[in-house]
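Here is my note on the model, as numbered points. Please read it alongside the sequence and the coordinates.

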There are 4 protein chains.
Amino acid sequence: MAFQFPVRIYWEDTDAGGIVFYANYLKFFERARTEWLRSLGIEQQALKSEVGGMFVVSETSLKYHRPAQLDNLLTITAELVEAGRATLTLRQQALIEVPSLAPQLLAEGMIRIGWVDSNTLKPGRIPATILKALKP
Amino acid sequence: MAFQFPVRIYWEDTDAGGIVFYANYLKFFERARTEWLRSLGIEQQALKSEVGGMFVVSETSLKYHRPAQLDNLLTITAELVEAGRATLTLRQQALIEVPSLAPQLLAEGMIRIGWVDSNTLKPGRIPATILKALKP
Amino acid sequence: MAFQFPVRIYWEDTDAGGIVFYANYLKFFERARTEWLRSLGIEQQALKSEVGGMFVVSETSLKYHRPAQLDNLLTITAELVEAGRATLTLRQQALIEVPSLAPQLLAEGMIRIGWVDSNTLKPGRIPATILKALKP
Amino acid sequence: MAFQFPVRIYWEDTDAGGIVFYANYLKFFERARTEWLRSLGIEQQALKSEVGGMFVVSETSLKYHRPAQLDNLLTITAELVEAGRATLTLRQQALIEVPSLAPQLLAEGMIRIGWVDSNTLKPGRIPATILKALKP
């Protein structure tokens, strides 16, 4: 089952169309990925200072189905679908609860992240301790 | 006592200085004001569609004392210091817990918000029901 | 040939990795689309108030190849690859000039935008005057 | 006379109130400060890597008078009002041209920036070469 994280919509997330600015779903997805990693014991600031590496996003593919609005409370999911030596691929969704209906899908997509050296930004292998933590 | 709301720092909040981008404290302060209003039964999207009015920020005055970093968990406060017919003034702080020390003050400031008609954007009096909800 | 628009990188665009936050390429791409539309005589605020409709992004697919940094000057392209009755599809790139080399590709992607009614947010046909303006 | 820099308003800058999100004036002001420094021969990425220091914002005080909207073209000013050993104070404004009227003031404020070591983030004296470049 996918990891779930709640995200509340504030003024900062909306645009003059009266809805959530689509680029912000990438932020919501990243918050959920960060909390998913944290739930596995992985803190990114610590990785950066102790291991000297970090994840960077290499590919994003999103579809936006329905708009969200100010004050909405979304559920953001994160699910690991592939773990390679240098990259991870996640499937993520943004959902909203609707009274007496199934949760509605607002946006969904695929995010690929790769491991790089924090200083040189050169790609490298994901540390074994991280890959191990990802395995259920 | 001031209303308190937790804010976690994500990549989106940081800049190339390795710290939280100062303009984002305005976002954190607004999230806390929004949750403070919600705790009093006031939802802004509902106000906009039902009452036809909204709060807009008219003045902000902030001091930035210490930087926050990725993964930090902040406490944001919101305290009403003045409620006029057309404007509210709040004092707000961003704090961080430090092991075996008192919480450290990262940023603090004063925010003034005024009531406007959602369509014309002209200033007006804050609805009586809102002013009443603000009184403890 | 693709429409071109310059984008300078400021602190606001970067993150603690020392590079441009990937979600911001969606903003850069949108600035270029907006200026491309403007170059064809189409202003979106005017559309919203006069025609009662607006474009919303329905799909984004991006690859991030190389990082950009503070002070970099990027060239963002926008090229219409498909114009349907209700949606437009654009190919967009972010490039950077490198002395004595060909411009380097930083990020690229496909953006699909659809026409909706500004009030109901329901999809509709792109106004004929707009489709006509898009034809070279 | 104050340094001037044009800023166009895009979707990313607006919120569901239909106007520019107030926190974004801090971004516009910073773009103008960055270009003001660049006009004096000072590049911040170069400072960071070569001198090992950077400016951080320590205080911001803004008043928001009139709202701006999508597609508006603003003029942002930056004027140095005080140059101390460790901090600079600037006065900045956001203006908009209105046909057959004087430019209208949208927002204005005072920004204080201080010099810090890029690694330790500890305050220090502004390098003499920078202070010299600031003197007209």
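1. Copies are superposed by least squares on the C-alpha atoms of residues with pLDDT of at least 70 in both.

2. Conventions. This is a predicted model, in which local features need pLDDT of at least 70 and side-chain atom pairs count only at pLDDT 80 or more, while totals for chains, interfaces and linings use all residues. Residues are numbered from 1 along each chain as its sequence is written, and chains are lettered from A and ligands numbered from 1 in the order in which they are written.

3. The D–C contact. Chain D brings 13 residues to it and chain C brings 13 residues. Two residues are in contact if their C-beta atoms, placed from the backbone, lie within 7 Å. On the chain D side, helix 1 and helix 2 (44–51) each supply at least two residues. Helix 1 of chain D gives the most, with four residues. By class, this side of chain D has three nonpolar, four polar and six charged residues. Here Ala, Val, Leu, Ile, Met, Phe, Trp, Tyr, Cys and Pro count as nonpolar, Asp, Glu, Lys and Arg as charged, and the others, Gly among them, as polar. Of the interface residues of chain D, 100% are also interface residues in chain C, so the copies meet through the same surface.

4. Symmetry of chains A and C. Chain A can also be laid on chain C by a turn of 180° and a shift of 0.0 Å along the axis, with an RMSD of 0.0 Å. In chain A, the C-alpha nearest the axis belongs to A:Ser61, 2.1 Å from it. Again the same surface serves both copies, as 100% of the contact residues of chain A recur in chain C.

5. The sheet of chains A and C. Ten strands form an open sheet in the order 1(A)-3(A)-4(A)-5(A)-2(A)-2(C)-5(C)-4(C)-3(C)-1(C), and the pairing is antiparallel. Two strands pair if DSSP finds at least two bridges between them. The edges are strand 1 (3–8) of chain A and strand 1 (3–8) of chain C, each pairing on one side only. Neighbouring strands are turned by 30° against each other on average, direction ignored.

6. In chain A, strand 2 (residues 53–64) and strand 5 (residues 104–117) pair antiparallel over eleven bridges. A:Val57 stands opposite A:Ile113 in strand 5 of chain A. In chain C, strand 3 (residues 73–83) and strand 4 (residues 87–96) pair antiparallel over nine bridges. C:Ala78 has C:Gln92 as its bridge partner in strand 4 of chain C. A hairpin of three residues joins these two strands of chain C. Strand 4 of chain C also runs antiparallel to strand 5 (residues 104–117) of chain C, joined by ten bridges. There, C:Ala107 is the bridge partner of C:Ala94.

7. The helix on the sheet. Helix 1 (residues 24–39) of chain C lies across strands 1, 2 (53–64), 3, 4 and 5 of chain C. Helix 1 of chain C runs at about 65° to strand 3 of chain C. Axes are lines fitted to C-alpha atoms, for helices over the stretch in contact, and angles run from 0 to 180 degrees between N-to-C directions.

8. The sheet of chains B and D. Another open sheet of ten strands has the order 1(B)-3(B)-4(B)-5(B)-2(B)-2(D)-5(D)-4(D)-3(D)-1(D), with antiparallel pairing. Strand 1 (3–8) of chain B and strand 1 (3–8) of chain D stand at the edges with a single partner strand each, so one side of each is left without a neighbour in the sheet. The twist averages 30° from one strand to the next.

9. Chain A has three helices and five strands. Along the sequence, the pattern is β-α-α-β-β-β-β-α. Helices (H or I, at least four residues) and strands (E, at least two) are DSSP runs, numbered from the N terminus. The C-alpha trace of chain A spans about 45 × 30 × 25 Å along its principal axes.
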